[in-house]
Number of protein chains: 2
Amino acid sequence: MMRDLRWSKTEKQIAKKAFEKAYEQECADLAKEIRSRAEKIKEPADLWHLKDFVNKRLREIENRYDYRYSVLILVFAGLIKDGWLKFDDLRGLSQEKIDRITTLSNPQ
Amino acid sequence: MMRDLRWSKTEKQIAKKAFEKAYEQECADLAKEIRSRAEKIKEPADLWHLKDFVNKRLREIENRYDYRYSVLILVFAGLIKDGWLKFDDLRGLSQEKIDRITTLSNPQ
């Protein structure tokens with residue numbers, strides 16, 4: 001379904017920039033959350049909770065940030081849905097792409 | 001080699017207390033180190049470095065703190081060697097145990 005979309009050079013630049021912005025923001029936000037949780041470590045068990053949290057969130061980030069054009073619409077929809085991107089960041093993409101992202105980012 | 005040692009009730013109390021003290025201290029020290037590293041996160045890659053560090057250190061701790069009497073002399077020798085225990089913490093153990101811990105905690 002996504003493989004039929006063509007990405008112009010300009011669109012690729014916009015997509016790359018938006019993708020990187022979201023990635024940087026999600027990572028910065030996670031770093032902040034880790035700092036906050038690290039501050040609150042009171043007993044040994046908290047270390048294992050932190051480890052589990054960090055592993056889980058980094059696995060999510062690894063899975064989420066997939067820059068293949070065949071899946072990028074879906075990736076952007078997820079980023080919009082979870083608040084890491086705004087439609088404003090995607091301005092310049094074709095209306096067809098925006099429409100698909102809109103549809104996919106809306107909870108069913 | 002260690003299985004022939006007998007542990008009196010008093011020695012078990014001393015051992016348990018020393019073991020827990022070392023565990024608490026090593027965990028507290030790790031928490032401090034994690035806070036320090038979390039503060040220094042500058043870019044996404046640092047998150048993965050922190051993850052690797054936390055996983056490695058917690059694996060080491062899991063492997064180290066084994067409270068079976070059959071391995072406890074070796075565990076104490078390691079804790080002495082790495083600075084998590086002092087001989088003073090083991091005062092009250094039999095001379096034979098202290099001698100074995102001394103031998104095992106000295107670098108060959």
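**Note on the helix packing and two-fold arrangement of a predicted model**

1. In chain A, the axes of α1(A) and α2(A) come within 11 Å of each other and cross at roughly 175°. That makes α1(A) roughly antiparallel to α2(A); angles under 35 degrees count as roughly parallel, over 145 as roughly antiparallel, 65 to 115 as roughly perpendicular and the rest as oblique. Axes here are lines fitted to C-alpha atoms, for helices over the stretch in contact, with angles from 0 to 180 degrees between N-to-C directions. Helices are DSSP runs (H or I, at least four residues), numbered from the N terminus.

2. On the α1(A) side, this contact (heavy atoms within 4.5 Å) is made by A:Tyr23, A:Glu26, A:Cys27, A:Leu30, A:Glu33, A:Ile34 and A:Arg37. The α2(A) side supplies A:Leu50, A:Phe53, A:Val54, A:Arg57, A:Leu58, A:Ile61 and A:Arg64.

3. Basis of the values: this is a predicted model, in which local features need pLDDT of at least 70 and side-chain atom pairs count only at pLDDT 80 or more, while totals for chains, interfaces and linings use all residues. Residues are numbered from 1 along each chain as its sequence is written, chains are lettered from A and ligands numbered from 1 in the order in which they are written, and side-chain values use heavy atoms, with hydrogens and water left out.

4. Chain B is superposed on chain A by a rotation of 180° with 0.0 Å of shift along its axis, at an RMSD of 0.0 Å. This is the relation of a two-fold axis. Within chain B, the residue that comes closest to the rotation axis is B:Arg35, at 3.2 Å (C-alpha).

5. Between the chains, helix α2 (residues 44-64) of chain A and helix α2 (residues 44-64) of chain B have axes that come within 10 Å and cross at roughly 140°. The pair is therefore oblique. Residues of α2(A) in this contact include A:Leu47, A:Trp48, A:Lys51 and A:Val54; those of α2(B) include B:Leu47, B:Trp48, B:Lys51 and B:Val54.

6. A:Tyr23 lies in helix α1 of chain A and is partly exposed, at 24% relative accessible area (buried is under 20%, exposed over 50%, partly exposed in between; 1.4 Å probe, protein chains only). Leaving aside residues up to four places away in sequence, A:Tyr23 touches A:Ile61, A:Tyr65, B:Pro44 and B:Trp48.

7. Helix α3 (residues 72-81) of chain A is mostly covered, with seven of its 10 residues buried. These are A:Leu72, A:Ile73, A:Val75, A:Phe76, A:Ala77, A:Leu79 and A:Ile80. They pack against α1 (9-39), α2 and α4 (95-105) of chain A. After α3(A) comes A:Gly83, with a positive phi near 85°.

8. A:Ala18, in helix α1 of chain A, is buried at 3% relative accessible area. A:Ala18 touches A:Phe76, A:Leu85, A:Asp89 and A:Leu90, not counting residues up to four places away in sequence. The C-alpha atoms of A:Ala18 and A:Leu85 are 7.3 Å apart, although 67 residues separate the two along the chain.

9. On cysteines, A:Cys27 is buried at 3% relative accessibility, and B:Cys27 is buried with a relative accessible area of 3%. The whole structure holds zero disulfides over all chains, a disulfide being a pair of cysteine sulfur atoms within 2.5 Å.

Conventions. Copies are superposed by least squares on the C-alpha atoms of residues with pLDDT of at least 70 in both.
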